[in-house]
Each structure stands twice: as C-alpha cells, then as structure tokens.
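Work through each task with the sequence and the structure at hand, then compare with the solution.

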Amino acid sequence: MNNQGSSHTSDLNNELKLKGFKAYEADVKAVGGHSYNRKDFYKISLNTGQYVFHYADRSFETDETILFFGNPRIPYSCEVISQTDGYACLFTEDFLKLSERSQSLLQSPLFKIGGTPILKINKEQKELVAAIFRKMIAEQETGYAYKNELIRNYISLVIHEALKLQPAENNSQKKNAAVRIASVFLELLERQFPIESTQHPLNLKTAQDFAKHLSVHVNSLNRSVKEVTGKPTTAHIAERIISEAKALLQHTDWNIADIAYALGFEYPTYFNNFFKRMTGTNPGALRLQEV
C-alpha cells in the first residue's frame, strides 16, 4: 500500500477509536491491496470493479458489483485491480450496542466463518444500497442528537437487504473443514500479539475461548488443529503466550504482576507456575539473565 493509503487507514482507525463508526465513499483511483492482518471493526462495503478478496483461507475474484461483509475476528484483505465506484462503512461492536436482535444479525451467514461474505447484486439492488450508504455518510456529519441510533438502523437495513438476496456462486478456493478451522485459529491466535498495553490484556486464552469466537464446538477445534498441525490447541496457545512473556520480560520495564495480568493470568503466582513449567525457570530469573 502507498503512503497515502497508509495515512488514510491511520485516519480511519483514529476516527473509529473516537466514534466507533465511519462511512465513506471509495477512492476510485485507489489500486492495490490492504494487508491481511488485524482488524478491530466490522466492515460492509459496496464495490463495483475488479477485485480479489482473501477471506480466512478462501479467495474470491469478482468484476461485478458486490456487497462485502468483513468480521474483525476473521482475517481478510482486498486487492483492488480496478474500481469504478463504491461505498463502505466501518463500525465496532460497541457502536452497534449489541441487542439480541443485532447480535443475531452479526451471527448471520454474512459474517460467519464458512458463510458467504460476498454477494453479487444487480443494478437495481446497487442503487437501493448505495442510497443507504449516502444517507449514512451525510448523517455522520450532522448534529442530530440521535444520529448514532439512525446510523445503526441504516446498518441493520443494509444487512437485512443482503439477507434477502440469494447468495451468488463464487470462485472460492475451498479447503477441507479441518484446514479451514485450523488456519483461522492460528491467525486469530497470532492477531492478539504483540501485547502493547496492560490496559488491553489477552482476550482469547483457552481453546474454549477460540471455539466460541469461531462458532465451532471446542472438540471440533481441537480435532482440526491436532489433525492439521500435529499439536494440540492448548500447546499452540501456551507456546505463543510463553514467547510473548519472554519478549515482555526482556524488552519492557513492566513488573511481573503487570505482565501476568496482560497475558490473562488472574494472579502472578499462576503466571510464575505456568512459566516455570514451560521453561524450567521463573520470570524473575529470566529477566536477570538479560540484564
């Protein structure tokens, strides 16, 4: 991505942190790709042009008008070959203020692993959805006291319009279910690191945590990871936590209690015992070795 694109992404991230929502019209001159990395927000985009989307372990190629639904828990990126026009909105779960109704929308096939994140739409459908995006873009600049509630309704309306459409056939490169589940688990695991602040501790710490986020049974996750990688899910998690623990001990001045908390341990003694079992030494001793 060029510097202008990086700056644009940084501005969007900053605005999302402040407001939890951002809608915008696509830059028709933009060509290139966004990196396949951590996302902190949901994304819905309306695109006309030629694109290659990489979503979890699948790829979609399209040269028509499409609706795309991105989930922050599923890694994705987009390569723009050519772009005629488009709109997008980004929003956090906190902004949507998940009710039982909105929670069910985010658990629809549009956002779930193994679902259909891309829908091809016709000209009439495009005009309907584009009009909703234009209303979102205009509304976010107003001083209307209830504009956030109105924008949430617009988001729900786009999702409902998409759910009414029949999922189109696509050029997905499918792998078997075990490979798909294992690859997304490994990406989600890595996406949590590095830990940059004690104010944002590790969220996914157990196989059960990952299974819940992946909407699969924990037994299915464990079986898939072991089949594909040869190691249990818990071994991958433990090894990555130890790797991060060593980096924090060596490269920060955080005390051990803070490191323990940042890595998801309720008490420092739990962290000390875990570290000793995994490395044969304790955190304090390792830190002294590096001085």
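This is a predicted model: local features need pLDDT of at least 70, side-chain atom pairs count only at pLDDT 80 or more; totals for chains, interfaces and linings use all residues.

**Exercise 1. Another pair in helix 5**

Task: Glu-161 and Lys-164 also form a salt bridge. Decide for each residue whether it is buried, partly exposed or exposed.

Solution. 
- Step 1. The N to O distance between the side chains of Glu-161 and Lys-164 is 3.4 Å.
- Step 2. Glu-161 and Lys-164 are separated by about one helical turn because they are three residues apart in helix 5.
- Step 3. Buried means under 20% relative accessible area, and exposed means over 50%. Glu-161, at 18%, is therefore buried. Lys-164, at 62%, is therefore exposed.

**Exercise 2. The remaining salt bridges**

Task: State how many salt bridges the structure holds, and describe the pair Glu-239 and Lys-231 and the network that includes Arg-240.

Solution. 
- Step 1. The count of salt bridges is seven.
- Step 2. Glu-239 and Lys-231 are joined through their side chains at 2.6 Å, N to O. Glu-239 is partly exposed, with a relative accessible area of 38%. Lys-231 is partly exposed as well, at 29%.
- Step 3. Salt bridges link Arg-240 with Glu-190 and Glu-244 in a network. Arg-240 and Glu-244 are among the buried residues of helix 9.

**Exercise 3. The span of two helices**

Task: Compare the end-to-end reach of helix 6 and of helix 9 with the expected value, and identify what covers the buried residues of helix 6.

Solution. 
- Step 1. Helix 9 runs over residues 233-251, which is 19 residues. From first C-alpha to last it reaches 27 Å, close to the expected 27 Å.
- Step 2. Helix 6 has 15 residues and reaches 21 Å, close to the 21 Å expected at 1.5 Å a residue.
- Step 3. Buried residues of helix 6 include Ile-181, Val-184, Phe-185 and Leu-188. Their cover includes helix 7, helix 8 and helix 9.

**Exercise 4. The largest nonpolar core**

Task: Which elements give two or more residues to the largest nonpolar core, and which gives the largest share?

Solution. 
- Step 1. The largest nonpolar core has 34 residues. Phe-185, Ile-195, Phe-210, Leu-221, Ile-241, Leu-263 and Phe-271 have the most contacts inside this core.
- Step 2. Two or more residues come from each of helix 6 (177-191), helix 7 (207-214), helix 8 (218-229), helix 9, helix 10 (256-262) and helix 11 (268-279).
- Step 3. The largest share of this core is that of helix 9, with seven residues.

**Exercise 5. The surroundings of Thr-233**

Task: Describe the burial of Thr-233, its polar contact and its neighbours.

Solution. 
- Step 1. Thr-233 belongs to helix 9. Its relative accessible area is 1%, so Thr-233 is buried.
- Step 2. The side chain of Thr-233 makes a polar contact of 2.8 Å with that of Asn-222.
- Step 3. Neighbours within four places in sequence aside, Thr-233 is in contact with Phe-185, Ala-207, Leu-221, Asn-222 and Val-225.
- Step 4. Seen from Phe-185, with residues up to four places away in sequence not counted, the contacts include Thr-233, His-236 and Ile-237.

**Exercise 6. Cysteines**

Task: How many disulfides does the structure hold, and are Cys-78 and Cys-89 buried or exposed?

Solution. 
- Step 1. The number of disulfides is zero.
- Step 2. Cys-78 has a relative accessibility of 12% and so counts as buried. Cys-89 is at 0% and so counts as buried too.

Note on methods: Residues are numbered from 1 along each chain as its sequence is written. Side-chain values use heavy atoms; hydrogens and water are left out. A salt bridge is a side-chain nitrogen of Lys or Arg within 4 Å of a carboxyl oxygen of Asp or Glu. Helices (H or I, at least four residues) and strands (E, at least two) are DSSP runs, numbered from the N terminus. Buried means under 20% relative accessible area, exposed over 50%, partly exposed in between (1.4 Å probe, protein chains only). The expected span of a helix is 1.5 Å times one less than its number of residues. A nonpolar core is a set of buried Ala, Val, Leu, Ile, Met, Phe, Trp, Tyr and Cys residues joined through side-chain atoms within 4.5 Å. Contact means heavy atoms within 4.5 Å. A polar contact is a pair of N or O atoms within 3.5 Å; within protein, one must be able to donate a hydrogen and the other to accept it, and residues adjacent in sequence count only if both atoms are side-chain atoms. A disulfide is a pair of cysteine sulfur atoms within 2.5 Å.
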